[in-house]
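Work through the exercises below with the model open beside you. Try each task before you read its solution.

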Amino acid sequence: MEQSALPRSVHEDEMLRAINAGLDEARVLVVEDDEAMRAFLEESLREEGYAVTTASNTLSAIVTLLGGQADVLIVDWKMPDLDGFALLSAVRRCFTDVPVIFVTAFARPDVEKRALDEGAFSFLPKPFRLSVLVAELERALGSRPVPGGGGRDRRPPYPRGPIGRAGRAATE
């Protein structure tokens, strides 16, 4: 039986785009207790083409992770419940393939060393440029395992739109 390829209307094309929106976007979980910083990162990363979820504390981040909604995490160190190191430890034990970008306004060499030693993918002291964070996100997504095993994924990172205003600085 032969199927005919009927042209779709503009309305049908718009509906299909809406239904499929976000399916190919990298999912970023931003864990930041500072509301202004969290909102800035959420908006900025969405403009860069990422699907962004946020959490204001470690426990809500773990709930989000249990729902399988993150390809990469951006984790602040100092938070009101458990700190970023507690979350990093949980992620390394339970979600071993999820890269963690550790960020803090209280950067010291010993904090950076500890974060990297405990399994953070990278460490960014605040303030940082958005372009630097985006570069780290792309690097982290490129390091993810190939589905089904067999080493690291050598495919290009998730398709995204053009990079927007990447010169902005992120601050606490």
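Predicted model: local features only at pLDDT ≥ 70, side-chain atom pairs only at ≥ 80, totals over all residues.

Residues are numbered from 1 along each chain as its sequence is written, and side-chain values use heavy atoms, with hydrogens and water left out.

**Exercise 1. Find the partner of Asp 71 in a salt bridge, and say which parts of the chain the pair links.**

Step 1. Recall the term: a salt bridge is a side-chain nitrogen of Lys or Arg within 4 Å of a carboxyl oxygen of Asp or Glu. The structure holds eight of them.

Step 2. Look around Asp 71. Its side chain meets that of Arg 27, at 2.8 Å from N to O.

Step 3. Asp 71 lies in the loop between α3 (58-66) and β3 (72-76), while Arg 27 belongs to strand β1 (residues 27-31). They are 44 residues apart, so the pair links distant parts of the chain. Helices (H or I, at least four residues) and strands (E, at least two) are DSSP runs, numbered from the N terminus.

Step 4. Check accessibility. Buried means under 20% relative accessible area, exposed over 50%, and partly exposed in between (1.4 Å probe, protein chains only). Asp 71 is buried at 12%. Arg 27 is partly exposed at 32%.

**Exercise 2. Asp 117 and Lys 113 form a salt bridge. Explain how their positions in the helix relate.**

Step 1. Take the distance. The closest N and O atoms are 2.6 Å apart.

Step 2. Count along the helix. Both residues sit in α5 (residues 109-117), four residues apart. Because of this spacing, about one helical turn separates them.

Step 3. An α-helix has 3.6 residues a turn, so residues three or four places apart point the same way.

Step 4. Check accessibility. Asp 117 is exposed at 54%, and Lys 113 is exposed at 52%.

**Exercise 3. Which residues of α3 are buried, and what covers them?**

Step 1. List them. Thr 58, Ala 61, Thr 64 and Leu 65 are the buried residues of α3.

Step 2. Look down the axis. These residues cover an arc of only 115°, so they lie on the same side of α3. The arc is that of the directions from the helix axis to the C-beta atoms.

Step 3. Turn to the other side of α3. Leu 59, Val 63 and Leu 66 are exposed there.

Step 4. Find the cover. It includes β1, β2 (51-55), β3 and α4 (84-94), where contact means heavy atoms within 4.5 Å.

**Exercise 4. Describe how β4 is covered and which strands pair with it.**

Step 1. Check burial. Five of the five residues of β4 (residues 100-104) are buried.

Step 2. Sort the directions. Val 100, Phe 102 and Thr 104 point one way, and Ile 101 and Val 103 the other way.

Step 3. Find the neighbours. Two strands pair if DSSP finds at least two bridges between them. Four bridges join β3 to β4 in parallel, with Leu 73 opposite Val 100. β4 also pairs in the parallel sense with β5 (residues 122-125), over four bridges. There, Phe 102 has Phe 123 as its bridge partner.
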